[in-house]
Amino acid sequence: MIPVRCFGSLLLVLIGMFANVLGAFIGVNIGTDVSNMPSASAVVSIIRDHQITHVRLYDADSHMLKALAGSGIEVTVGVTNEEVLGIGQSASVAAAWVNKNVASYVPATNITAIAVGSEVLSSVPHVAPVLVTAMNNLHKALVASDLNFHVKVSSPQSLDIIPKPFPPSTAAFNSSPNSTIYHLLQFLKNTNSYFMLNAYPYYGYTNGNGIFPLDYALFKPLPSVKQIVDPNTLFHYNSMFDAMVDATYYSMDALKFSRIPIVVTETGWPSQGGPNEPDATVENAGAFINNLIRRVSNNSGPPSRPNIPINTYIYELFNEDKRPGPVSEKNWGMISTNGTAVFPLSLSGSSQTTGNSTAVFCVAKDDASEDKLQDGLNWACGQGQANCSFIQSGQPCYLPNSIKNHASYAYNDYYQKMRSVGGTCDFDGTATITTNDPSYRSCIFTGSSNSSAGRGLFPSGAFGPVSPMGESPNLSMSKIQFVISAACLFVILL
């Protein structure tokens with residue numbers, strides 16, 4: 001009989017392997033300042049309908065945590081700013097909080113993180129002196145409940161704690177060596193946790209007095225004369241989002257912390273604004289969210305950390321019409337409370353859409369010459385890096401065996417992958433856009449709602465934030481464990 005220890009170690013190896021290959025995830029924040037807020041069970045139904053795999057709650061609402069039980073959705077629960085002071089002053093209060101809001105729900109509810117406060121260092125500075133103590137108290141309570149390896153503790157911070165985020169290479173926290181941020185980073189390093197960053201290109205653009213172009217904030221390609229370049233590193237930044245993340249990495253570097261991954265806990269774009277908020281539009285919100293999903297889906301990091309994907313939570317699920325402030329504050333949601341999309345949403349980084357939108361495809365023109373189509377087909381399958389395996393002999397899209405049919409498939413595959421970074425549907429005048437899905441029988445064109453690949457609103461999620469070593473912090477293991485597991489696997493296979 002194989003020892004039980006072998007099964008446990010082997011399971012850790014297998015889970016770790018899957019965690020590493022699944023890549024970055026996109027999650028969603030769920031705010032509740034909504035006048036017609038659906039029931040917790042209805043919210044979970046909406047989340048599951050859109051195949052959302054990660055959610056962040058701003059508190060530890062019992063109704064939501066119960067409704068999420070059995071869903072498998074990874075949940076970040078929140079300690080409110082009002083609770084931080086008491087937890088920071090008393091270990092027993094922290095233990096009671098963990099017992100009530102975490103231990104009593106796991107494992108049925110997949111709670112994987114505690115977000116301690118919201119932008120404490122910039123919004124409630126009088127609480128800052130006890131922030132790290134509160135985090136330590138919560139971590140110790142998790143240790144006592146044997147949950148510290150599954151549930152991470154961190155604290156979302158605003159980019160406001162970095163006075164000059166551009167150029168990223170010279171960014172630094174507004175801090176001293178003995179500051180709260182230094183101790184926070186030390187805690188994250190010691191507990192193998194991650195830095196929670198709230199990064200809003202919307203505010204970076206609107207408060208930038210025209211320094212940066214709108215397309216830069218919306219992940220849209222810039223002409224060569226307007227490229228955003230860090231003069232010290234010569235890194236090119238294709239989006240303000242990447243620059244904000246890199247500014248935070250460089251700020252950690254300045255304090256000698258270089259192995260703490262970043263998770264963006266909030267980012268988004270409002271779909272409506274007041275008279276003084278002309279850039280808060282449905283079109284801009286849709287462009288930002290769709291391009292963000294594509295950006296995160298490519299599993300790469302910012303220029304300084306290209307191998308560390310940027311796990312990200314969109315702000316937010318619903319419009320919070322009860323929030324105070326300008327019109328834009330009430331209109332960050334991307335899903336209506338009835339479950340439909342506020343604006344067309346790109347699914348899993350492709351061009352597949354949901355809501356009231358219509359998918360578009362790039363196909364060969366009926367009157368295009370075969371010579372030009374052949375040239376376009378050769379370019380798409382070669383330099384254009386389209387996936388042309390499905391139009392090879394014996395594959396689903398080979399028949400009908402015509403240049404026009406094969407060109408249509410290759411053109412569309414290129415277009416769906418590259419449109420977000422400036423790819424066009426032209427091919428020397430031989431291609432055109434259509435809203436008619438060209439898929440037929442078992443030949444499914446990229447971006448089709450019939451595709452079995454890439455369904456759902458967001459890319460498949462990793463089990464946890466990816467560390468600089470390519471491991472999930474929640475699932476890291478020692479070399480000894482790995483050797484034991486490998487040995488166990490060998491025994492099983494004998």
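In this predicted model, a disulfide links Cys 381 to Cys 388, with an S to S distance of 2.0 Å. The torsion about the S-S bond of Cys 381 and Cys 388 is about -95 degrees, and the disulfide is therefore left-handed. The two partners can be described separately in terms of accessibility: Cys 381 counts as partly exposed, at 31% relative accessibility, whereas Cys 388 is buried, with a relative accessible area of 8%.

This bridge belongs to a set of three disulfides that a search of the whole structure finds. Another of them joins Cys 362 to Cys 425, where the S to S distance is 2.1 Å. Here the torsion about the S-S bond is about 90 degrees, so the disulfide of Cys 362 and Cys 425 is right-handed. Because Cys 362 lies in strand E14 (residues 361-364), while Cys 425 lies in the loop between helix H14 (403-418) and strand E15 (431-434), the pair ties together parts that are 63 residues apart in sequence. Cys 362 is buried, with a relative accessible area of 0%, and Cys 425 also counts as buried, at 15% relative accessibility, since the cut-off for that class is under 20% relative accessible area.

The remaining link to consider is formed by Cys 397 and Cys 443, whose sulfur atoms are 1.9 Å apart. With 105 degrees about the S-S bond, the link of Cys 397 and Cys 443 is right-handed. Cys 397 is placed in the loop between helix H13 (370-381) and H14, and Cys 443 in the loop between E15 and helix H15 (479-493), so this pair ties together parts that are 46 residues apart in sequence. Cys 397 is buried, with a relative accessible area of 1%, and Cys 443 is buried as well, with a relative accessible area of 0%.

We turn now from the disulfides to strand pairing. Strand E7 (residues 195-198) pairs in the parallel sense with strand E6 (residues 157-158) over two bridges, and within this pairing Gln 157 stands opposite Leu 197 in E7.

Terms used: Residues numbered from 1 in each chain as written. Predicted model: local features only at pLDDT ≥ 70, side-chain atom pairs only at ≥ 80, totals over all residues. Heavy atoms only, no water. Pairing = 2+ DSSP bridges. Helix = DSSP H or I, 4+ residues; strand = E, 2+ residues; numbered from the N terminus. Disulfide = S-S within 2.5 Å. Buried < 20%, exposed > 50% of the residue type's maximum accessible area, 1.4 Å probe, protein only.
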